[in-house]
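Hi there,

Here is the structure I promised to send over. Have a look at it first, and then read on for my notes.

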Amino acid sequence: MYRQAKTGKLLIEILPNKCDFCGCCVGVCPEDAIELKEAEIYIIDERCTNCSKCIWSCPIEVIKFNKEGVLSKSLA
Amino acid sequence: MKSDYDIIVVGAGPAGSMAARFAAEKGVSVLMLEKDRDVGYPVRCGEAVSKAGVSEFIEPDEKWISSHINNFALISPDGTEATIEFGDAGYVLERRIFDYELAKTAAKAGAEILTRAYVNGLLFENGVVSGVKYEYRGEQKQLSAKIVIAADGVESRVGRWAGLRTFTDFREMECCVQITASNINVEKNTLYFYFGQNVAPGGYFWIFPKSNNAANIGLGVSGMVGKKKSALSFLNNFMSNNFPDSPILTSIAGGVPSSITLEKISGPGIMLVGDAARQVNPLSGGGIASGMIGGSIAGRIAGEAILRNNLSHILSYDKEWHNRLGKRHEIFERIKNGIYNFSDDKFNKIAQSFNSIPKDKRTLGRLFTTALLNQPSLLVDIAKVFII
């Protein structure tokens, strides 16, 4: 019910200062929409469908649904 | 460093290091890339492994053994403890040293290694994987390779760029948190597993002792459970009830793709190993030994393919893996689905009836037999484990 067009409003937010960079969210993302480097993570909004699987799989609750929409760092 | 290699391995965990080593032992050129600064760090693991699982690949060394294990304690929801003694069964590792030493064996065999190299894309030639794109200290670079072996862990993306379906269903992802705490008074030779709806529904909670009274304490729950309550809140509950003032030395999160192996783990120019291939024992969540086995098979086959100048040889990897461990994991998966759906009451009954067996006769087989009395349909699957 939250799904929107891939270029539409991104509603999922990774709280960067709280992330442990463990990769659970990357592993479950069906859209390959999460970029994870050594200690840097962001959602690629051209790919994200707001499906929320990353939120459910985050062991430490640092991915949040934000119905106001969030700004994302996107593909260059 | 060269600009093209026979084989590039992405990721320097146990599976990647074994792939690099067994390929390099064939005399072909191998480069292993690691995105982090260090091989072996950060650790994302409970660190328990069977002795047989590691000794096939590396001589046991006290510098990476934190404790020696010969007891399993399974604790049911009402606190009944069922203990099984093994001989010299396994270890709790110091993964940061262990992984480092494994990488050294790859280097010794002739593999090159580069850390801080973040692979962010693949090169293709006529639809076949022909190298990697990577970022190294802020610069975008690329390297060609005849075969790319993806050992990039639970967060693997290399396989999907090559066109393999690799993402894990969130219900099969065991989302884990773990702390290493100090002043934990448990038996040093015992792995403790706790079951039940309150501690880790659909998974288990563990205490694995390490040296100097420290212990790895953590749990994994499926993304299905995580939808309602995160692994972190289960851990916080447990700690405040049991060890409220323990000093905490490390605190980590991690994921275990607790499913059977991917349907396809090789393709033109690409092979997947370790967590990236879902080469994890789905019952225990253990992936060190099986990742090393997967890596060693893939590395050897990749090396052979180069020597024979026959790249389609790498496609035989799927079958060899399946025969060695893959089919066993399929049975473990069915047992897991049976056991982890037990109610608290059933866990309690199993632990109680198991404890009525004389201590010297308690074996893992007996435990399964006891579990069977509560769930006869598991019989067929369990029988298969002992037959294969």
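This is a predicted model: local features need pLDDT of at least 70, side-chain atom pairs count only at pLDDT 80 or more; totals for chains, interfaces and linings use all residues.

I started with helix H1 of chain B, residues 14–24. Eleven of its eleven residues are buried, including B:Arg21 as well as B:Met18 and B:Phe22. The cover over H1(B) includes strands S1 (4–10), S2 (30–33) and S9 (139–150) of chain B, along with helices H3 (95–108) and H7 of that chain.

The packing of H1(B) against H7(B), residues 288–307, is worth a look on screen. Their axes lie 7 Å apart at an angle of about 30 degrees. Because angles under 35 degrees count as roughly parallel, H1(B) is roughly parallel to H7(B). The crossing is right-handed. On the H1(B) side, the residues that meet H7(B) are B:Pro14, B:Ala15, B:Met18, B:Ala19, B:Phe22 and B:Ala23. Their partners in H7(B) include B:Gly291, B:Gly295, B:Gly299 and B:Gly303, and also B:Arg300. By class, this contact has eight nonpolar, five polar and one charged residues.

Now for the cores. The largest nonpolar core has 72 residues, and B:Ile7 and B:Val132 touch the most other members. H7(B) supplies the largest share of this core, with ten residues. Beyond its neighbours within four places in sequence, B:Val132 is in contact with residues including B:Ile8, B:Val10, B:Leu33, B:Leu123 and B:Val148. There is also a second, separate core of 52 residues, and among its members are A:Ile41, A:Ile60, B:Val154 and B:Leu219.

Definitions and conventions
Residues are numbered from 1 along each chain as its sequence is written. Chains are lettered from A and ligands numbered from 1 in the order in which they are written. Side-chain values use heavy atoms; hydrogens and water are left out. Axes are lines fitted to C-alpha atoms, for helices over the stretch in contact, and angles run from 0 to 180 degrees between N-to-C directions. Helices (H or I, at least four residues) and strands (E, at least two) are DSSP runs, numbered from the N terminus. Angles under 35 degrees count as roughly parallel, over 145 as roughly antiparallel, 65 to 115 as roughly perpendicular and the rest as oblique. A crossing is left-handed if the near helix is turned anticlockwise from the far one by less than a right angle, and right-handed if clockwise. Contact means heavy atoms within 4.5 Å. Ala, Val, Leu, Ile, Met, Phe, Trp, Tyr, Cys and Pro count as nonpolar, Asp, Glu, Lys and Arg as charged, and the others, Gly among them, as polar. A nonpolar core is a set of buried Ala, Val, Leu, Ile, Met, Phe, Trp, Tyr and Cys residues joined through side-chain atoms within 4.5 Å. Buried means under 20% relative accessible area, exposed over 50%, partly exposed in between (1.4 Å probe, protein chains only).
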